[in-house]
Amino acid sequence: SDGTMSSHVLYTVSNRVATITLNRPERGNSITPAMVTEIIAAFERVEKDIDVQVVVLTGNGKYFCTGMDLQPGAQAEMSERLKDGSVATLGAQMFESIRACSKPTIAKVNGPAMGGGWGLFFCTDIRVVVKSAFFTFSEVKRGVVPAIISAFITPQLGLFQTKQLMVSGKRVPAEEGYRLGFVSSVADNAEQLEKLTQGWIDELMENGPQAMARVKKAVHYIWQHSHEENRKYVEGLFAETVHAPEALYGMGCFMQKMKPNWGEFAKEHMQSKL
């Protein structure tokens, strides 16, 4: 199924993969306040769509995303929203909708990511980046603070690296991102970017959707809680999932040397619940 959230945020589904594309290449895929709402809506749609198992977030054109739009028109709209406090709340909600997505998310980074573009990227689970891309916290160069995204990036990047990169605003090439541990794969060119992304998609398609959703939820919980709390949580998780229908189906397929058809299983299981 094909569709759009708007001409600036495209949403398509093919072979159980939802692709959300930032489509404002003439402005470096910079994000307007309207696009913030549309990205949130796209990830809400992903959650509800039983035909979607994997999500790819990418950009059209030369850039992945150059952050929030600093053009006068967008700034005027942002100023209006600042008065009622909605702009920061919606911005945080946009990043959270990606971070908290129950389905595995892949950033297919077709070009440079700056400021808020880094935020989008850091909220995904798997990150495939073309070699010519770079990252930069460009905010400080304009006297701005990368405020909202810092809450999503600092826990992953760590205190020293986050401060160093946010305070300096220096460019980080794709291969340095891989060395620092926040990039999954580096592609030599656009063609290899497609191939490497498809490789990750193929890997994810072999996995139980509910198992992947529970893994994501568990990792987020464990990251934020004490060892004692985590012990209780994982004991409960094991008891809850070991006899779950998806686990029984997956183990049954393994014993019979069959490949699970997770798409069909998901549909049949949802119908049996209705």
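In this predicted model, Glu191 and Lys195 form a salt bridge whose closest N and O atoms are 3.7 Å apart. Both residues belong to helix 8 (residues 190-205), and because they are 4 residues apart there, about one helical turn separates them.

Side chains of opposite charge can pair when their charged atoms come close. A search of the whole structure finds 10 salt bridges. One of them joins the side chains of Arg24 and Asp69, with 2.8 Å from N to O. This pair links distant parts of the chain, as its members are 45 residues apart. Arg24 lies in the loop between strand 3 (17-22) and helix 1 (33-48), while Asp69 lies in the loop between strand 4 (54-59) and helix 2 (72-84). Both Arg24 and Asp69 are buried.

A further salt bridge brings together the side chains of Glu240 and Arg214, at 3.5 Å from N to O. Glu240 is in helix 10 (residues 227-241) and Arg214 is in helix 9 (residues 209-224), so this contact ties together parts that are 26 residues apart in sequence. Glu240 has a relative accessibility of 48% and counts as partly exposed. Arg214 is likewise partly exposed, with a relative accessible area of 25%. Salt bridges also connect three residues in a network, namely Lys170, Glu176 and Arg179.

A pair of aromatic rings is described by the distance of the centres and the angle of the planes. The structure holds 14 aromatic pairs. Among them is the pair of Trp118 and Phe122, which is tilted, with 5.8 Å from centre to centre and 45° between the planes. Trp118 and Phe122 both lie in helix 4 (residues 116-122), where they are 4 residues apart, about one turn of the helix. Trp118 has a relative accessibility of 0% and counts as buried.

Whereas Trp118 lies in helix 4, Phe137 lies in the loop between strand 8 (134-136) and helix 5 (147-157), so the contact ties together parts that are 19 residues apart in sequence. Phe137 is buried, its relative accessible area being 1%.

These residues take part in a wider grouping. Trp118, Phe121, Phe122, Phe135, Phe137 and Phe182 form one aromatic cluster.

Charged groups and aromatic rings also meet in this model. The ring of Phe122, a member of the aromatic cluster, has the charged end of Arg127 over it, 4.8 Å from the ring centre.

Terms used. Residues numbered from 1 in each chain as written. Predicted model: local features only at pLDDT ≥ 70, side-chain atom pairs only at ≥ 80, totals over all residues. Heavy atoms only, no water. Phe/Tyr/Trp six-rings, centres within 6.5 Å; stacked < 30°, edge-to-face > 60°. Helix = DSSP H or I, 4+ residues; strand = E, 2+ residues; numbered from the N terminus. Buried < 20%, exposed > 50% of the residue type's maximum accessible area, 1.4 Å probe, protein only. Lys NZ or Arg CZ within 6 Å of the ring centre and 35° of its normal. Salt bridge = Lys/Arg side-chain N within 4 Å of Asp/Glu carboxyl O.
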